[in-house]
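Here is a friendly walk through one protein chain, meant to be read with the coordinates open beside you.

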Amino acid sequence: MFLKFMRINVVTALFVSAAISAAPATASEWGCEVLLCAASSNPSWRGVPSCHPPMTRLISAMKKPGFDWPTCPEAGTGSPGFERYAACPEGYRVGSSSDRDGFGREENLCVRTVNMCQGKTHGLYHSDRQRNCMQTVSISRPLRSEPYFFDIKNDTSGQTERHWFELHR
C-alpha cells in the first residue's frame, strides 16, 4: 500500500515537473518516466494519459538499430526483464520442439507423459506394451499478455515486487 501511495506521488510529481519544463527530458528522466509508467497496474500505462508520450517514444526507439533501454539510476533498476512464455498448466512441464537437426529450440511447449492404455484393458501388461502405452503429449506454451517486467525493491519493507507490462500500441 505504501509503495503504491509513494509511486502515485512520485508519478504525479514527475509528470507535473515534466509538464512545467519546456526542455526535453534527459535520458535519465525519460527512463524514470518509462519505469513509473510500466509499473502502473490499475490502470495500466495505457489508462494514464501522461504515460502515452514516454511510452510511445520508447516503442518507436525500440525499432531503431542500436537501441539502448532508457534507465532510471535513481530507482536502482536497469533494463527490464522479458519472459515471453507463461507457466505451463498444472501437470505439465516445460519442453521444447526440435528443429530438423534434433536440437532443442526455445522452450515453447508444455509436455507431460500420459498412459494411453490406462482404463482400456485389464490384466498384466508385457513390458514392451506398457512402454508403448506411455506417450508424451504436448501443447503450445501460453504466451504472456505482459511479457516485460521490472523488479522494484520497496525501501520500506525490503521486499522486491515484480511489475509486468506490455508494449503494444
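In this predicted model, D151 stands opposite R162 in β6. The two strands involved are β5 (residues 148–153) and β6 (residues 160–165), which run antiparallel and are joined by 6 bridges. Strands count as paired here if DSSP finds at least two bridges between them. Helices (H or I, at least four residues) and strands (E, at least two) are DSSP runs, numbered from the N terminus. The hairpin of β5 and β6 has 6 residues between the strands, and G158 takes a positive phi near 80° in this hairpin.

A word on the ground rules: residues are numbered from 1 along each chain as its sequence is written. Because this is a predicted model, local features need pLDDT of at least 70 and side-chain atom pairs count only at pLDDT 80 or more, while totals for chains, interfaces and linings use all residues; side-chain values use heavy atoms, with hydrogens and water left out.

**The open sheet**

Another set of strands forms an open sheet of 3 strands, in the order β2-β3-β4 with antiparallel pairing. Its edge strands, each pairing on one side only, are β2 (93–95) and β4 (134–140). On average, neighbouring strands of this sheet are turned by 45° against each other, direction ignored; axes are lines fitted to C-alpha atoms, for helices over the stretch in contact, and angles run from 0 to 180 degrees between N-to-C directions. Strand β3 (residues 109–115) is joined to β4 by 7 bridges, and the two run antiparallel. Within this pairing, C110 stands opposite I139 in β4.

**The nonpolar core**

Which residues have the most contacts inside the largest nonpolar core? They are M55, L58, W69, F150, F165 and L167, in a core of 21 residues. Such a core is a set of buried Ala, Val, Leu, Ile, Met, Phe, Trp, Tyr and Cys residues joined through side-chain atoms within 4.5 Å. Buried means under 20% relative accessible area, exposed over 50%, and partly exposed in between (1.4 Å probe, protein chains only). Two or more residues each come from α2 (27–39), α3 (52–62) and β5, and the largest share, 7 residues, is that of α2.

F165 is worth a click: leaving out residues up to four places away in sequence, F165 touches A38, W69, P80, E146, P147, Y148, F149 and F150. Contact means heavy atoms within 4.5 Å.

**Disulfides and a cis bond**

The structure holds 3 disulfides, each a pair of cysteine sulfur atoms within 2.5 Å.

| Pair | S to S | Angle about the S-S bond | Hand |
|---|---|---|---|
| C32 and C72 | 1.9 Å | 85° | right-handed |
| C37 and C51 | 2.2 Å | -95° | left-handed |
| C88 and C110 | 2.2 Å | -90° | left-handed |

C32 lies in helix α2 and C72 in the loop between α3 and β1 (81–82), so this link ties together parts that are 40 residues apart in sequence. Both C32 and C72 are buried. The link of C37 in helix α2 to C51 in the loop between α2 and α3 spans 14 residues. C37 is buried at a relative accessible area of 0%, and C51 counts as buried at 2%. C88, in the loop between β1 and β2, and C110, in strand β3, are 22 residues apart. C88 counts as buried at 17% relative accessibility, as does C110 at 0%.

Finally, a cis peptide bond joins N42 and P43, with omega about 10°. P43 sits in the loop between α2 and α3.
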